[in-house]
Amino acid sequence: MTVQSISQQLHASFPSASFWRRLAAWVYDLLVAVAIIMLASGLALGFAALLTTTGAVTLPEGMDHAAWLNNSPLYSLYILGILGLFFGWFWSRSGQTLGMRAWRLKVQQRDGSLITKKQAFIRVLTCAFGIGNLWVLVDFKNRRAWHDYAAGTEMVTLSKEANQLYYWKELR
């Protein structure tokens, strides 16, 4: 039996997040994700230019670096990996992405503690780009999404005071 801190007990008592709050946070996070994709794509284009400049890769006639990247499944995996790292890092570090912080949402373990890296990885793999949140509209009792069930997590709505804390170091 583990001993819960007062902070963990408090966080375990917050209500489950509604679908509309999740959707609003998803829209905020989509904007951040687009910016991250743009940055990651710029780095990939620079790397592709470096490869062609050094002669390591020769592009077919009439093909530019962007088309070459888009034809590669490695580029898609790279972008998905970057996004997975972004969300996984924020979820396991503080329980909140930027959009979740704006809408006072936090992903946590059922006991109120921060999620593990393994749980964050499971959430990333099973969230289906946010579509898993639609399950909240059907799951009236628990208001948990697919990825919450798969990872053993929950998303809660924080109070204004609790949202002011950022890292919740005592919840680790």
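User: Why is A128 called partly exposed?

Analyst: The relative accessible area of A128 is 32%. Buried means under 20%, exposed over 50%, and partly exposed in between, with a 1.4 Å probe and protein chains only. So A128 is partly exposed, with its 32%. This is a predicted model, where local features need pLDDT of at least 70, side-chain atom pairs count only at pLDDT 80 or more, and totals for chains, interfaces and linings use all residues. Residues are numbered from 1 along each chain as its sequence is written, and side-chain values use heavy atoms, leaving out hydrogens and water.

User: What makes R104 partly exposed?

Analyst: R104 has a relative accessible area of 22%. That value lies between the 20% and 50% cut-offs, so R104 is partly exposed. R104 also has a positive phi of about 55°, although it is not a glycine.

User: Where is R104?

Analyst: R104 sits in the loop between α5 (98-102) and β1 (105-109). Helices (H or I, at least four residues) and strands (E, at least two) are DSSP runs, numbered from the N terminus.

User: How do you know that β1 pairs with β2?

Analyst: Two strands pair if DSSP finds at least two bridges between them. Five bridges join β1 to β2 (residues 153-157), so the two strands pair. They run antiparallel. In β2, E154 is the bridge partner of Q108.

User: What makes β1 mostly covered?

Analyst: Five of the five residues of β1 are buried.

User: Which residues does W91 touch?

Analyst: Contact means heavy atoms within 4.5 Å. Not counting residues up to four places away in sequence, W91 touches T97, M100, V107, I115, A120, R123 and V124.
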